[in-house]
Amino acid sequence: MRASLRSAGVLLTSALLLAACSSGGGDDSGTDTAAASCKPSSGPVTLTYTSWIPNLEEVVKVWNAKNPNIQVKVQTGPNGNGGTYQNFFNQLKAGNAPDLGHIEYDALPSFRVQDGLADLGGCDIVAKAKDQFVDWTWNQVTFGEQGKVFGIPQDSGPMAMFYRADLFDKAGIAPPTTWDEYAAAAEKVKAAGGYITNFSQSDINQFAGLAWQAGGRWFTNDGNQWTVSLDDPNTKKVADYWQGLIDKKLVSAVPPWTPEWDNAYNTDKAWTWVSAVWGANSIATGAPKTAGKWKVAPMPQWAAGDKKAGNWGGSSTAVFKGSKHPYEAAQFALWLNTSEEALTLLNEKAQLYPATKAGASLPALKQGVKFYGDQAIYDVFAEASGQVTPDFTWGPTMTATYANASDGFKAAVSGKGTLNDALTAAQASTIQTLKSQAIPVKE
């Protein structure tokens, strides 16, 4: 499933990410009483769930058939940045938000700052579920706040390297295992008439995943203010690396998700793509002529012998503050994202990759994939998922951050400035955006 990973740009009324938030409000002492309010409702319950997951209705039918007293009605909409997130904010303001919503990890901080999410940490069934999820995905929905949970991890996007095995074999080039080897291979691929890959000039999420793997940490919050570090040393290292490939014209730079982009992969022009697990379907549908010619290997490493991966994508099932049935909403969200039957259906119907540890062992994900020469490619992604570090935090104004960085990346690709110039500009503009929305930020 191609990730859209955007967060809604809205005026934020709360000053801090770590402001008190609950589904039941607080008492006069300021104590969060969400824990006490997360109890089963009496009588039949009907929940509303808004999402853009393809064929979600077919999955929910299974739940509804088995749970006559907790019925779920699915409301479909465009992807998050396509309008659904803004609708959520409007509904929260009007007091008529759905019980549950599909929210990507990088958008959750925006809703947290807005105080729009129910804290499910007091639901006993949620607290007991933590160990079922891959560690870094749980951190995405808790923000490191002890005892608090603001969503149930749904899917993830661990990254690996898709590569044209036939072209590498023919050229006598070993698939690169380090980024130094990748750069060296790029020279040979160029000599053979191709490009090692396409550098995405507009979708900053891929670059974020590359920075994540390298140890870049873009945002932190100490409970009082935000620190923005888009230009930290590890991220600058990644930018310098790709700038070198761009300057030497060893990578193409066509806009992603276009016919031109697909054609490069459908021919012999683009030889690799360091992407997320959902990229398997993107290549299969965009490059059908190359069936059987691709393989998957771990991401190249910055140091030989390292085992680190980045992440690109992933989302949660969140319960909105104001839901009258947070316990039942959490119960459904856990079934949707932990049960084998639901995870299998979500993978079959929507190509979602589970966020649970056990999900990687689903029978559907242990089989060889014909398009990839019958390689069991999901074994590679299962290993990568366990190699994603949990301490990468998204900021509360990612739409503005993405837009500013994208403008700079496009300029760098055309020879006007560099990727590090783009990061420096995005750093300054992000700080200004936070300040303009009254969000405390360290300069």
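Helices here are DSSP runs of H or I with at least four residues, and strands are runs of E with at least two, both numbered from the N terminus. Counted that way, the chain has 17 helices and 10 strands. Keep in mind that this is a predicted model.

**Overall build**
- The chain runs to 443 residues, and a compact globule of that length would have a radius of gyration near 22 Å; the chain has 22 Å, so it agrees with that expectation.
- Laid along the principal axes, the C-alpha atoms fill a box of roughly 70 × 50 × 35 Å.

**Surface and charge**
- Buried residues make up 56% of the 443 in the chain.
- The accessible surface is about 17,300 Å², and carbon and sulfur atoms account for 50% of it.
- On the charge side, there are 36 positive and 41 negative charges, and their mean positions sit 4 Å apart.

**Aromatic pairs**
- There are 48 aromatic pairs in the whole structure.
- One of them is Y49 with F332, an edge-to-face pair at 5.8 Å centre to centre, with 70 degrees between the planes.
- Y49 belongs to strand β1 (residues 45–51) and F332 to helix α13 (residues 326–338), so this pair ties together parts that are 283 residues apart in sequence.
- Y49 and F332 are both buried.
- Y105 and W136 also pair up: their ring centres are 6.0 Å apart and their planes stand at 75 degrees, and because planes over 60 degrees apart count as edge-to-face, that is the label this pair gets.
- This second pair links distant parts of the chain, with Y105 in the loop between β3 (100–104) and α4 (108–113) and W136 in helix α6 (residues 135–142), 31 residues apart.
- Y105 has a relative accessible area of 2%, so it counts as buried.
- W136 is buried as well, with a relative accessible area of 1%.

**A glycine in a loop**
- To find G359, go to the loop between α14 (340–350) and α15 (377–385).
- Despite its loop position, G359 is buried, because its relative accessibility is 0% and the cut-off for buried is under 20%.
- Beyond its neighbours within four places in sequence, G359 is in contact with L343, P354 and L365.
- G359 and V134 are 225 residues apart in sequence, yet their C-alpha atoms are 9.7 Å apart in space.

Notes:
Residues numbered from 1 in each chain as written. Predicted model: local features only at pLDDT ≥ 70, side-chain atom pairs only at ≥ 80, totals over all residues. Heavy atoms only, no water. Rg over C-alpha atoms; globule rule 2.2 N^0.38 Å. Buried < 20%, exposed > 50% of the residue type's maximum accessible area, 1.4 Å probe, protein only. Areas by Shrake-Rupley, 256 points an atom, 1.4 Å probe, with all protein chains shown as cover. Lys, Arg positive; Asp, Glu negative; His and termini not counted. Charge placed at Lys NZ, Arg CZ, Asp CG, Glu CD. Phe/Tyr/Trp six-rings, centres within 6.5 Å; stacked < 30°, edge-to-face > 60°. Contact = heavy atoms within 4.5 Å.
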